[in-house]
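Hello,

Here is the structure for you to look over. My notes follow below it.

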Amino acid sequence: IEHIYPENPIDGNALDSSIIGKIGNLILIDQDLNDKLANKSFPEKIKILTQNGIKLDETLKQAVEWNEQTIASRTLELSKLAYEKVWRIY
């Protein structure tokens, strides 16, 4: 599991752990790719993910920067998708 906004950013501008751990800040990838991404910036991570054939959702594709607001927005989108599509009760 990769944290899109890093747990330990190089620039030292860490967000609170309660934000870092939200599902909107996570992406499931293999360990080798996770190691390549490490604490890189958001644009670098998106470039590497794309080059490695990882399909990105629209929020990640359209984001110019990655911060608390974009994490909250993606968290809401993923939660809504899970509720309405994945765990839908007929």
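On one side of helix H5, Gln69, Leu76 and Tyr83 are exposed. Bear in mind that this is a predicted model.

The other side of H5 holds the buried set: Thr70, Ile71, Arg74, Thr75 and Ala82. Viewed down the helix axis, the buried residues stay within an arc of 135 degrees, so they line one face of H5. An α-helix has 3.6 residues a turn, so residues three or four places apart point the same way.

The geometry of H5 checks out. The helix covers residues 68-86, 19 residues in total. At 1.5 Å a residue it should span 27 Å, and its end C-alpha atoms are 25 Å apart, which agrees. Asn67 caps the N-terminal end of H5. There, a side-chain oxygen of Asn67 sits 3.0 Å from the backbone nitrogen of Gln69.

Now the largest nonpolar core. It has 17 residues. Ile27, Phe42, Leu49, Leu60 and Trp66 touch the most other members. Helix H1 (17-20), helix H2 (31-37) and helix H3 (42-51) are the elements that each give two or more residues to this core. H3 gives the most, with 4 residues.

Which residues does Leu49 contact, leaving aside its neighbours within four places in sequence? They are Ile27, Ile29, Leu33, Leu37, Ile54 and Leu56.

Best regards

Methods: Residues numbered from 1 in each chain as written. Predicted model: local features only at pLDDT ≥ 70, side-chain atom pairs only at ≥ 80, totals over all residues. Heavy atoms only, no water. Core = buried A, V, L, I, M, F, W, Y, C linked by side-chain atoms within 4.5 Å. Buried < 20%, exposed > 50% of the residue type's maximum accessible area, 1.4 Å probe, protein only. Contact = heavy atoms within 4.5 Å. Expected span 1.5 Å × (residues − 1). Arc of directions from axis to C-beta. Polar contact = N/O pair within 3.5 Å; in protein donor to acceptor, adjacent residues only side chain to side chain.
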